[in-house]
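Subject: Structure handover

Hello,

Please find the structure below, followed by notes on what turned up in it.

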Amino acid sequence: MNNHITRIQQVIEPLRQEIIHHKVYSVINTMDDLKVFMQYHVYAVWDFMSLLKALQINLTCTTIPWFPVGSANTRYLINEIVAGEESDVDGAGNRSSHYEMYLEAMEQCGADTTAIHRFIAELKEGKSLATAFTEAGVPQEAQDFVAFTFEVIQGNQPHLQSAAFTFGREDLIPNMFVSIVGDLNRKFPEQLSLIKYYLDRHIEVDGDHHSHLALDMTAELCGDDEDFWRAAEEVTIASLQQRIHLWNGVYNEIVGVKA
């Protein structure tokens, strides 16, 4: 294992544990609680794809005429991840992005998708993130989460995008979702097949394959540059803090609704 990766993993372990064992999971006790969770989390599912595509744009040639860009190894790593995230196989055997799978899971359990659809529609019309947030009524914590992701994207530094993607997303999600899957199977047996498939698929794909690819990608992009590794550690910490902030928002809304 790369020594720099090992150091980052050691530094962020307390934050990882805070996310994996966050108090929000303990208050998801009803279908309505789950709907609130999904109505926040869908924005992280969506902006994950934007971060992923930013990496693909920076590490491969996505324009015509085509020219080889960067190293063939990083091109392979990011293209392999993109293929899996953008065109995976859903529970029925059809090709679908993980974002589209998540929307279908929301609809199956009755979660409100009005806001996320409005948000995407505003962006498609060329509106800014700030305008789309306001028009769609996106929860503040979700706004903060997405805004941070787009700061990383717009910074246009592939090693930082890769670090946020790897340690804040791909190397975290499988462990984070194990807790939710266990609760869902116990509390809502046979009622939530699509969200259970989505979560199980993330555990299988991200934990077994994509996280390893992402770690290799970050190691290659940072190389032997100590400044790159220090900056990668900083953006990783900030990414995890944003996840905690997002989960705090979900928790507060669920508890507030019940109060």
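R243 lies over the face of W247, 5.2 Å from the ring centre. A charge counts as over a ring when NZ of Lys or CZ of Arg is within 6 Å of the ring centre and within 35 degrees of the ring normal. K23 is placed in this way over Y251, at 4.4 Å from the ring centre.

The model is a predicted one: local features need pLDDT of at least 70 and side-chain atom pairs count only at pLDDT 80 or more, while totals for chains, interfaces and linings use all residues. Residues are numbered from 1 along each chain as its sequence is written, and side-chain values use heavy atoms, with hydrogens and water left out.

Next, the aromatic rings. Rings of Phe, Tyr and Trp (its six-membered ring) pair if their centres lie within 6.5 Å; planes under 30 degrees apart are stacked, over 60 edge-to-face, and the rest tilted. The count by this rule is seven aromatic pairs. One of them is W46 with F150, stacked at 5.7 Å centre to centre with 15° between the planes. W46 lies in helix α2 (residues 31-59) and F150 in helix α7 (residues 140-155), so this pair ties together parts that are 104 residues apart in sequence. Helices (H or I, at least four residues) and strands (E, at least two) are DSSP runs, numbered from the N terminus. F119 and F133 also form a stacked pair, at 5.4 Å centre to centre and 5° between the planes. F119 belongs to helix α5 (residues 114-124) and F133 to helix α6 (residues 129-136), 14 residues apart. Ring pairs link Y43, W46, F119, F133 and F150 into a cluster.

W46 and F150 are both buried, as are F119 and F133. Buried means under 20% relative accessible area, exposed over 50%, and partly exposed in between (1.4 Å probe, protein chains only).

Helix α3 (residues 72-86) has 15 residues and should span 21 Å at 1.5 Å a residue; its end C-alpha atoms are 21 Å apart, which agrees. The expected span is 1.5 Å times one less than the number of residues. Buried residues in α3 include T74, L77, I81 and E85.

S96, in strand β2 (residues 95-96), is buried at 7% relative accessibility. Apart from neighbours within four places in sequence, S96 contacts (heavy atoms within 4.5 Å) E86, S87, D88, D90 and M101.

The disulfide count (cysteine sulfur atoms within 2.5 Å) is zero. C61 is buried at 18% relative accessible area, and C222 is buried at 2%.

Regards
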